Every structure is written in C-alpha cells, then in structure tokens.
Amino acid sequence: DMKRLLLLLAASTTTSATTPDDYAWQWPLSIGQGDVHELVLGREVYDAIARSDARDLALFTKDGRSVSFGPLPAAPDTPWRDAPYALEIGATTREPTSSRDVPVAFPSPQRLTLSLRSRVPEAATIQALRVSWRHRAALPADARWRVEGTRRRGAVHAEVMAHSYSLATGSGETRLALSDFEGDALRLSVTPVPPDLDITGVLAEYETPPGQAREYRRAALVVDPSQEHAYRFDLPPALPASAARIDLGDGGALATVTLSVREGEWWRQVASDTAFDIAVGEGALVRNRLAFPATRARHWRLSVAPDIGTPIVDVGYRPDVYLIAHPGPAELVLVAGSARAERPDFPIDPLMRELRAQFGASWTPPRATLGARSERTGKAALKPVPPPPPYRAWALWAVLVAAALAIAFLAIRLLREP
C-alpha cells in the first residue's frame, strides 16, 4: 500500500556513493508540510544538465544524504493539439436554396452540409476549423458558414478569420473560428454555393488544456556547410523537445521544412511539412508548426527548401515533472551537471499510481520552491573521470615478453651446444 511505498522510499534516503560535490551546479530547494512534493524543471535546470537521460540531476539533504527523487511518467504525445488535425467527413448533402432568399451571381444555388467527427482519442475543445475546397471560381462574397454541434441543438458561432483562393489550382481554404462548441461531432454548412463546389477536407484546431501548454525557447541557428539550405542549432540534451514554430521571415512565404537530430554519425528526421505565411486581404493564412514525439538530443538540423533566407525557430517542450518523497517541511539541495555521478533509480511510479488511485487521476502534489542557482564544483565536475590504468593489458604484455625472452634464451642455448 501507499504507506509501505513511502517507507521504501524513505529507506532509500541514505548516504549516497556520490555527494553534492560531484556536481557542477546547485539550487536551494524548499518543501512544505507533507511527504510528497513535485518539482517542474525550469529552463535554468535544463541548461545545467549534461546528460540526455538527466541522470546527473539529483537531490540531497544539507548533510549530504540522497533524497528519493525521480521523474514522473510523461503525458502521452498529442500532436493533434499542436497542428491542425483532419476531421472524418461522413454524409454530405446538397439542398436547393432559392435565389429569392439571398442574391446570388450563379444559377441553382445550394446549401452544402457535411457531417464531421473528431478522430482524436479523447475529448478536446475545437477552437477553429480549416476548410479546404475546390471550384473553378472563388466562393461568392455572400457565402454564409454555419456550424452545429450534434450534442446540443442550435448553431455555434463561426467567424471567418481568413480566406484564400488560387485560380491556377482551383483550390481555396477558409478558416473559421468557433465559440461555445461542445462535443466531438458537428455539422458544417455553407450557403449559397455553386452546385459543383466540393469540400475536400476539414482540419480542426484544438485548445490546449491547462497544465499541458508548451514552453518555447528560441534556437540559435548557424549555417550548416555540409548541406544546402540547412541550419544547425544545439539544445540542452535533456530538453524533451516535441514541437517547433518556424517563422519564414521576410525571405519568403512558402517552403518545405524538415527537422532532424544527430544520432552518432547520422541524422534522423523527426518531422517535415510545408510551412507558409500568406497575407490575404486583411487576414492571413499561417501554417508554421511541426509536432513530433518528445525527443532529447543536443544537435539539431533544420532544412528549408527552397532557399528563403534564415528562418526563426522556436522549439516547444513540456517541462518534466519530478516527484520528491521526503518528510517536510525541509530545506534540500538540488544539484545538476556531472560526468561521474548518477542519480539512483527510486520506485517513483508505483507511489504515484497509488496516490492517484486514492486521490483521483488529476491529483497533483504540492509544488516545491526552487531558489537561485549557484556554482557547486563548476567545470571540474564535468570532466570525465580518467580511465584506470590498463593493469590487465600490461600484465598480459609482460607475460608475452617474458615468454618471448624464455624462448630466445632456449634457442641460444641450443645453438651453443656441440
């Protein structure tokens, strides 16, 4: 049970083989009443961690005893929250609309209605729709959009935020902002429209619930001389990057962007998409976000085709949350950055499962307070420990040399015998 788990974690709080002096940086950390607290890692902490697995982040008491401390399981990746996600199109109906009701500039006006359903694996609030359509001409200026939720009668307010049309391709896109929408299914209608207009796809933009919002940090790009139209940048190795916003800048409004990470001698692609930022009248159509599974790596590369100048990249991540199991109130010491120390594995997951089973799936422990960073051991802690002398290899070579000398001695004796 939970009490047994807390006792097990408390028993782990003993004098560790490593000490705070094995780390480069330190912070004072305060916890209040209770035995369980959480710490959300901030930017300064990520900058101090030297390992991609963050095992060089540890917590100690002031007298040097290791404190039970470890990461909570990360929430599942939800890329549909970070980029427009396709809705499933069901039944499509077309109904005649009388030209006496609304003035139209084409014969046989119709009301086009689609049944749509969200494909995401959980309930989420849709805040906007992006409707793609095809026709030989632009939509009529008096076209009216209507959205209805299937769980509640009545229309949901839908405001046209942006609109674009390409005569060369016969394709257009309309962005609708929604308000007061409930449910995962809806009906979308537009009238009056020509009878041969087709809606080819509808993308949904979802709100991010509290506690799951990403933080962003600006990447410092440098030109990659090994590849055309490519840029490199570095991130803290433990940062769980899972999204990127790419501002195409003044160099152009349309490009294919590809994001990769360095693994050994190779580059592995993590995301690729077409990015654009197009002004249309008083509005704009912008698609500049990449979403991908959380990736922890130091070296990154962004490829842009065609060459539109240096873009601006902001990398998004959800900060890790660490659990602290230690009687409070207490003043502790958080340390980070080491080439020779490693945090022990504490059984954090079973404790958190038991806590949420008793207090609810959304329960979270009180948050610890982190003070200002200061240097502990500094750069000396980041120097790898020299490998021990190769005594075994030396002994083997000594045996081989001795054997060779013995053979040579025997050979000389044999040659000297009459």
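Predicted model: local features only at pLDDT ≥ 70, side-chain atom pairs only at ≥ 80, totals over all residues.
Residues are numbered from 1 along each chain as its sequence is written, and side-chain values use heavy atoms, with hydrogens and water left out.

View 1. Strands here are DSSP runs of E of at least two residues, numbered from the N terminus, and two of them pair if DSSP finds at least two bridges between them. Strand β16 (residues 241-247) runs antiparallel to β22, joined by six bridges; strand β13 (residues 215-218) is also antiparallel to β22, with four bridges. Five of the six residues of β22 (residues 312-317) are buried, meaning under 20% relative accessible area with a 1.4 Å probe, protein chains only.

**View 2. Thr-295 in strand β20.** Look within β20 (residues 289-295) for Thr-295, which is buried at a relative accessible area of 10%. Its side chain reaches the backbone oxygen of Pro-293 at 2.9 Å. Beyond its neighbours within four places in sequence, Thr-295 is in contact with residues including Leu-239, Val-261, Arg-268 and Trp-300; contact means heavy atoms within 4.5 Å.

**View 3. Met-161 in strand β9.** Met-161 belongs to β9 (residues 155-166). Its relative accessibility of 39% makes Met-161 partly exposed, the class between buried (under 20%) and exposed (over 50%). Met-161 and Ala-128 lie 33 residues apart in sequence and 9.2 Å apart in space, C-alpha to C-alpha.

Technical notes. Polar contact = N/O pair within 3.5 Å; in protein donor to acceptor, adjacent residues only side chain to side chain.
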